[in-house]
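Student: I am new to this structure. Please show me how to read it, one feature at a time.

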Amino acid sequence: MIRLCRLSRNFGPTKVLRSIDLVIETGSFVALLGPSGSGKTTLLRLLAGLDHPDAGSIHIDGKPADGLHPGERSIGFVFKSYALFNHMTVFENIAFGLRVRPRAARGSRADTRAAVERLLSMVHLEGLGARLPAQLSGGQRQRVALARALAVEPRILLLDEPFGALDRQVREELRAWLRQLHDQLHTTTVFVSHDQEEALALADRVIVLRGGEIVADATPADLRGVLAYRLPLHHSGGVTALQHG
Amino acid sequence: MAAGRAGDGIGEPAWACWVLVFAALAVIGVMLVMPLIVIFAGALAQGWNVAAAALADPDAQSAIRLTLLVAAIVVPLNTVFGLAAAWCLVHFRFPGRALLVTLIELPFAVSPVVAGLLYVLLFGLQGWFGPFLRDHGVPVIFALPGIVIATIFVTLPLVARQVMPLMQAQGIAEEEAALTLGANGWQIFRLVTLPKIRWALLTGMLLCNARAMGEFGAVSVVSGRITGATMTMPLQIENLYNSYSLPAAFAMASLLSLLACVTIFLRMALEWHGERVVARGARAVSVQR
């Protein structure tokens, strides 16, 4: 379980996150939805430990995460532009998290190979281990990024606009597949999206952020109803921004 | 390559292209290539043996050794410094960051002679730290440490200026990815950052090396020009020239030029290799799509 308490983050005078309170249950699949500048990516980076809050706290499974290095949080992070290591092959990219472990915790070479092969087949990239990222399509790169994040067996999977750069057809394929993967691995998954349709289709719970605050927190079914009848976001211009942003 | 594309694209006539190419080659020929040829010709004017004897002279040998030693000390130090500076500037936001960027370029703006004088004022016997250094038996001015310090100052920006823009352009997403995968700082640097910047880094190191071997102004002020002890190759060349030992001066100058040429050719080879790697990547992508 992830518990955020009065979490705030400022970039200079800009309040990017304003006192966020949030509990994310273990095993849930949560979407952070919002227009650009709403603070969703910042929230994800705070969870990962890539950024630090100005006020408030994050507890992961009851333990305060303040002092924890990103590598100690049992997270897997998939970056917006994938951030693959371009000079390494697909195999080396996926093996990275296993190879940088301290010697005592590192498996044998054969273990690493087996783990990477297993991940490659999980993301349907069998036989492409020797390719460089530049030799892959966008959808393939996305799946390498996911396999790389999953290699360290994270309990929490964080995805920053995972399908943002992909065309529609690939995006819809990957969506279904990501959902499947989540159910199969029992991770807690948090993904950031500015695409309302995607968030509603994929997540168990959608948290709508706007101006650094949570303005809605509901299941897709409830949120659909709310959006259809009352359009509460419309008054603040949220819906337009969400649909076209 | 320019001539091969003469006249296409922007629509200027082919003859204009050829005139420009010819003019550029003429300037390069007269300003850069001819002097080089003159130096080698001057060195060999009285035959191989005279040139070889001039280089075998103990004082000449001492100058060559000193120059190579200084370069061998300065290049690694400036490499480490340049990397550290670039890393700081790209990874951290701190007060005075803009000032640091400007300060790194200071050595390009300050005349090397002034830099040399500055170190004499700091470390010379009448300088701020002079008495302290003398009491502890550490000679700086008119000795190897002074030459090294002056050379470091002059070549300080070379590595940092090569590496910084590249690191800035590439951002830190890959480093962050490595961080989330549990890598420590050293692993991130060695496995992720270094491979990304290696060609720029090597180019910077080669330029630094060329400049370190060739530096005259700053070194001439701090070295004291003690023949056989603190004379570097450029100083020795001037000395020989002023004492009318022209073949010896040209022989030494040829050797220094040769070292510079090796550096330039190494750089060219690296760039050529780098471009090939990029081209291969691009080809692979275009095949995919």
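Student: How many bridges join strand 3 of chain A to strand 9 of chain A, and do they run parallel or antiparallel?

Tutor: Start with the general idea. Strands of a sheet pair through backbone hydrogen bonds, either parallel or antiparallel. Two strands count as paired if DSSP finds at least two bridges between them. Here strand 3 (residues 29-33) and strand 9 (residues 205-210) of chain A run parallel, joined by four bridges. Within that pair, Val30(A) faces Arg205(A) of strand 9.

Student: What should I know about the model and its numbering?

Tutor: It is a predicted model: local features need pLDDT of at least 70 and side-chain atom pairs count only at pLDDT 80 or more, while totals for chains, interfaces and linings use all residues. Residues are numbered from 1 along each chain as its sequence is written, and chains are lettered from A and ligands numbered from 1 in the order in which they are written. Helices (H or I, at least four residues) and strands (E, at least two) are DSSP runs, numbered from the N terminus.

Student: In what order do the six strands of the open sheet in chain A lie?

Tutor: The order is 6-7-8-3-9-10, with mixed pairing. Strand 6 (75-78) and strand 10 (213-218) of chain A are at the edges. Each has a single partner strand, so one side of each has no neighbour in the sheet. On average, neighbouring strands of this sheet are turned by 15 degrees against each other, direction ignored.

Student: Which strands of chain A form the antiparallel open sheet?

Tutor: Four strands do, in the order 2-1-4-5. Strand 2 (14-24) and strand 5 (63-64) of chain A are its edges, each with a single partner strand, so one side of each is left without a neighbour there. Strand 1 (residues 2-11) of chain A pairs with strand 4 (residues 55-60) of chain A over five bridges, in the antiparallel sense.

Student: Now helices. At what angle do helix 2 and helix 4 of chain A cross?

Tutor: Two packed helices are described by the angle between their axes and the distance between the axes. Axes are lines fitted to C-alpha atoms, for helices over the stretch in contact, and angles run from 0 to 180 degrees between N-to-C directions. Helix 2 (residues 90-99) and helix 4 (residues 138-150) of chain A cross at roughly 30 degrees, and their axes come within 7 Å. Helix 2 and helix 4 of chain A are therefore roughly parallel. The cut-offs are under 35 degrees for roughly parallel, over 145 for roughly antiparallel, 65 to 115 for roughly perpendicular, and oblique for the rest.

Student: Which residues of helix 2 of chain A meet helix 4 of chain A?

Tutor: Look for Val90(A), Asn93(A), Ile94(A), Phe96(A) and Gly97(A). They meet Val144(A), Ala147(A) and Arg148(A) in helix 4 of chain A. Contact means that C-beta atoms, placed from the backbone, lie within 7 Å. By class, this contact has five nonpolar, two polar and one charged residues. Ala, Val, Leu, Ile, Met, Phe, Trp, Tyr, Cys and Pro count as nonpolar, Asp, Glu, Lys and Arg as charged, and the others, Gly among them, as polar.

Student: How far apart are the axes of helix 2 and helix 3 of chain A?

Tutor: They are 10 Å apart, and helix 2 packs on helix 3 (residues 109-122) at about 130 degrees. That makes helix 2 of chain A oblique to helix 3 of chain A. Helix 2 of chain A uses Phe91(A), Ile94(A), Ala95(A), Leu98(A) and Arg99(A) in this contact. The residues of the contact divide into eight nonpolar, one polar and one charged.

Student: How many residues does each chain bring to the contact between chains A and B?

Tutor: Chain A brings 20 residues and chain B brings 18 residues. Strand 6 and helix 2 of chain A each supply at least two residues of the chain A side. That side has 13 nonpolar, six polar and one charged residues.

Student: How many helices and strands does chain B have?

Tutor: Chain B has 13 helices and zero strands. Of its 289 residues, 34% are buried. Buried means that 20 or more other C-beta atoms, placed from the backbone, lie within 10 Å of the residue's own; 12 or fewer is exposed, and in between is partly exposed.

Student: How many of the eight residues of helix 9 of chain B are buried?

Tutor: Seven are, so helix 9 (residues 173-180) of chain B is largely enclosed by the rest of the structure. The buried residues of helix 9 pack against helix 1 (40-48), strand 6 and helix 2 of chain A, together with helix 10 (185-214) of chain B. After helix 9 of chain B comes Gly182(B), with a positive phi near 95 degrees.

Technical notes
Contact = placed C-beta atoms within 7 Å.
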